[in-house]
Each structure stands twice: as C-alpha cells, then as structure tokens.
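The following note sets out a number of points for a colleague reviewing this model. Please read them alongside the sequence and coordinates.

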Amino acid sequence: YPLRRQRQMCIRDRYGDRYRVFNRIMSLLIKGGTVVNADRSFVSDVLIENGIIVKLGQLSELGAARVIDAKGKYIIPGGIDPHTHMNLPFMGTVCMDDFFTGTRAAVVGGTTTIIDFVIPAPCESLLKAYDTWWEWAKKSVCDYSFHVAVTWWSDQVKEEMGTLARERGVNSFKHFMAYKGSLMLSDEGLINSFCRGKELGCLSTVHAENGELVLLLQKKMLEDGITGPEGHPWSRPPEVEAEATTRATRIAEIINTPIYIVHVSCKQAVDVIAEARRRGQRVYGEALSGHLTIDDSVYFNKDWDEAARYVMSPPFRPKGNPEALWEGLQAGILQTTATDNCTFCLEQKKMGAKDFTKIPNGTNGVEDRMSVLWHHGVTSGRLSPSEYVAVTSTNTAKLFNMYPKKGVIQEGSDADIVIMDPNAKRTISKHTHWQNIDHNIYEGWTVSGVPIYTIVRGEVVWEALIKEGVADWKNGKFNGKEGNGRYIYRPTFGFVFDNIKASDQRKKKHPIHRS
C-alpha cells in the first residue's frame, strides 16, 4: 500500500538469494468509543497498524504513536458510496469534480471508498474507456473501484466484459434503459449483457427509466411551450421508472441472474422490487440520499437558477415518495444508499436555459450523504446505528464483494474508519463545502451527526474543527494526499450468485418422451 508521512524502519532478512524489506509503521489507537457494525455495537478500543485493524478490546496506550479519544462517540466503518461520477463527460460538458476534488469531499464527509462508473461512448471499446478512467482516478484520495457500463452490444463487448472480469477486478456492469440516442441499451442488448454477466459471475446494475417514453414526453413538454426545469420531472414521471424496473426485473427473472437497481426514486419502483423479492428473486435496490430527503417542489421555484440546480435523473419525486424509500430501507427491500454525485456548476446548467432537456443532469452529495442520512435516519428514529452502518457501508461491501476487507470493523479488515459525533451539528453550505461546485442541494440545512475523524487505511485524512458542539466545516483539517487512493479489485461470483447454479438445475426443463 502507498504509505506517506509515516516513520519506516527497514529490516533486511535473508530469504534465499533475495532480501525482503519489512516496514514497521507508526500505530494508531482509538480509545473508548462505541464500535458499531451492521450486526452489533460494543464499547472497544481499536488498534491499527500498517493500515489494518489488528486488535479490538481494552487496550493499553503504551507504544501507540497516536491515540484518539473517542469516548462518547461512535466508531463506524467508513462509508462506501456505490454510485459516483467523477470527471464524467456528459451532455456536452464535463462534471466539475474530478477524482481529487470529489474524493477529497468524500473523505471530509466520512466516505472512504467510492465505486465510480466507466461509461464508454456508443461503439467505444470497454477496455479503452476503462483505461481512460484508470488514468483519471490516479488522483483519488480514497480507495475506489469501477462499474463498467455496457452502452452497445457486439461480440467485442462480450469478449471485453470477460477481460474486465478476469483481469481488471470488475464484477458489476451498468445498463442504461434511459438516454435514448446516447447511452440507452436496447432490450436485445440488455438480455445479451445480463446473460454474459451471469456467465462471468458479475452483478448487472440498471438505470431503470423507459427512454422511449421519456423522449415522447420531453417532446410533448416542448410542444406545449414548457422549457423550464419543471418540464424535467413532468417528462420523467414515476410510471416510466416503474415500467422499466418491471421490465428489468422480469428479464432478470427469466435469465435467472441477480440484478441491482440504481437510484430507486419512487414508491412504484419500490413496490416492483418488493414483489420480485417476494417471488424469490435476487433483486437489490439503491436509494440516494437526495431522493430520501428532497421532493419535487424544488423544480417549481420561480428562480430558474434555483430550480435548475436540482435537475438529475430520475428527478426528485412528489411528496410521499421519500417516505416510501425510507420504508423500503427499513423493510430490507432496498439495501444500499448512494449519491449519484455528478456536479455541474450554474454556468453549465444554463446550457439548458431555453430547453430543459439540455440542462446537464446531476447534483452533489458525496460530501453530505453520511451526515444527512444520520440526521434523517438515526436522529429521527428511522434507523438504528447498526442499520445505518448496514445501508451506508456494509451492504455495499457485501453486494460488490469487498467484504470483509471493507464495510466492517474487525481484526484483519482495512482500517477505513469514521469517528462520528452524534451530537455535533453542522450547517451545509456552498460557502464551506469542499466540493468543486457553486451550489449545494442541501444549502442551509443544519444536521446532527458529524464525522470528526476520517481514517483511510490507517491514515487520518480528516479532522473536523468543533466549537461548542458545532462544526467549523471549512476550517477543519484535511490531511489527505492526491494519489493516495488504491484501486479495489473485486472478485467475481460474490454471495449474490451462491444459489444460482442450484436454482438453474431446479428450474431446468426436460423433454417429454412420447411413444
């Protein structure tokens, strides 16, 4: 692992004809906090060496290079955001946050691993696109991995999916059912890719909106003279998401492959997933922190600038839908939370000043997810601290086969840790956030639950400045370094495939032999 700003002692040990060099790294001890994992919580000290958690229990401070007092605080696994877009070229521009500013914001907010999306242009080699993202991501402050989008289909794509799965550590492929004319995959392509993903042991993920209906409704809005941001939610109603979710889950059911629906935003889609799971399907769902807390009233603001900053897909939904998402998380119908972080400044949003279909789709969130969800989840009583850990870290680590290196505080796991002060407060603002964007969808919100320390593989990369229980956010201490992040190779055939072969055998049809 890359090791920085740490004292090293090299010891040479004869090993055949070669020498092995060992590094003794300064240790970190977290004292007196409450460790919270997805299955239980307990008071414990945590000892970290060489970027790994080496011991839990009541431990002596003797020999530790640094001791952090966590009494009265929660010690939780670092957040894992399974849905980000850094440096993304999209809709005629490039999002504002690159892999440095985006992951800087992530660790400041308590997220220690992201899974970003490699998105090839139609007819572009998946391997070429992967290599492009690989270079961009070298600036990352925290650990990262990639989903790869299948935006077209051919024998070449089929072969390259295999290379990515076997050699590049990719175990999930993304499919767009929206954005006709650019990223949208046909049903034929969807079926072919789902089948190939099953062969490879890779989880198929889906952006579920009916692109044909969206295009039809967009044209109708424009014909009716609706050019402002209000046209965005009206042209992408919950029904287009529910239809696509139904189609994707039924295709996956027939192929008998697990499926993961990204950014589920409405009750109708939650209901579709719930019904599929009742049938015994391996269907998993993701909710965004924004969809859980914001409704569609933001699009009807008289100020165009204010309304446009919320344009993303799927859009924020009418009142009642955010609560349905919370209920989905509570019931286990949805398993993960993410942000779909894809930041565009106001000048970029104004590309659609006269046509809402040209407003770049995307909002911020990677810096604020952990606090927003603590405030509206744990503080509000919707989630227990352990349930919070499950939906912000552990479930993602399990679904995408990074567990137990990620997503849990136990001996042998990576020391990706957040010390959360449940009582501290902070006010979210574009004036103090660390993202490279001139607005914030949570502008002015005061939330309780502040990451006061973020630790990435044993390094303290963020220390909040708390004054009388309130975070002075901009003046906190960011200690991370550009390029310190590590790419996470994710093995194929995770637990979501455990019963697939047996299920195929059980469902196999046999010919009827007639005389």
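How do the residues of the lining of the largest cavity divide into nonpolar, polar and charged? The points below begin with that matter, after a word on conventions. This is a predicted model, in which local features need pLDDT of at least 70 and side-chain atom pairs count only at pLDDT 80 or more, while totals for chains, interfaces and linings use all residues. Residues are numbered from 1 along each chain as its sequence is written, and side-chain values use heavy atoms, with hydrogens and water left out.

1. Largest cavity. The lining of the largest cavity comprises eight nonpolar, seven polar and two charged residues. In this classification Ala, Val, Leu, Ile, Met, Phe, Trp, Tyr, Cys and Pro are nonpolar, Asp, Glu, Lys and Arg are charged, and the others, Gly among them, are polar. The volume of the largest cavity is about 160 Å³, and the structure holds four cavities of 30 Å³ or more. Of the 17 lining residues, H85, F90, Y179, D340 and N361 are the closest to the centre of the largest cavity. On a 1 Å grid over the protein atoms alone, a cavity is a set of points where a 1.4 Å probe fits but cannot get out; a pocket is an open set with protein on both sides within 12 Å along at least five of seven lines; and lining residues have an atom within 4 Å of a point. Grid points are joined across faces, edges and corners, and a volume is the space filled by probe spheres set on the points.

2. Largest pocket. A volume of about 340 Å³ is computed for the largest pocket. Its lining consists of 17 residues, with M91, Y179, K180, Q218 and T357 lying nearest the centre. Helix α5 (residues 211-223) gives the most to this lining, with four residues; helices (H or I, at least four residues) and strands (E, at least two) are DSSP runs numbered from the N terminus. The class division for the largest pocket is eight nonpolar, six polar and three charged residues.

3. D340, one of the residues closest to the centre of the largest cavity, has phi near 55 degrees, a positive value in a residue other than glycine. D340 belongs to the loop between β17 (336-338) and α12 (346-349). With a relative accessible area of 9%, D340 is buried, where buried means under 20% relative accessible area, exposed over 50%, and partly exposed in between (1.4 Å probe, protein chains only). R457 likewise is not a glycine and has a positive phi, of about 45 degrees. R457 sits in the loop between β19 (446-456) and β20 (459-463) and is buried at 6% relative accessible area.

4. Cis peptide bonds. The bond from S313 to P314 is cis, with omega near -5 degrees, and P314 is in the loop between α10 (304-308) and α11 (321-331). Y403 and P404 are also joined by a cis peptide bond, with omega about 5 degrees. P404 is placed in the loop between α14 (385-399) and β18 (417-427).

5. Packing of α2 on α3. Helix α2 (residues 126-136) packs against helix α3 (residues 155-167) at an angle of about 40 degrees, with the axes 9 Å apart. Axes are lines fitted to C-alpha atoms, for helices over the stretch in contact, and angles run from 0 to 180 degrees between N-to-C directions. The two helices are therefore oblique: angles under 35 degrees count as roughly parallel, over 145 as roughly antiparallel, 65 to 115 as roughly perpendicular and the rest as oblique. L126, L127 and Y130 of α2 meet V157, E160, M161, T163 and L164 of α3, contact meaning heavy atoms within 4.5 Å. This contact has six nonpolar, one polar and one charged residues.

6. H175 lies in strand β13 (residues 172-176) and is buried, with a relative accessible area of 0%. Neighbours within four places in sequence aside, H175 is in contact with V150, L185, L190, S193, F194, S204, T205, V206 and H207.

7. Located in the loop between β18 and β19, E443 counts as partly exposed at 27% relative accessibility. Apart from neighbours within four places in sequence, E443 is in contact with R309, I428, S429 and K430.
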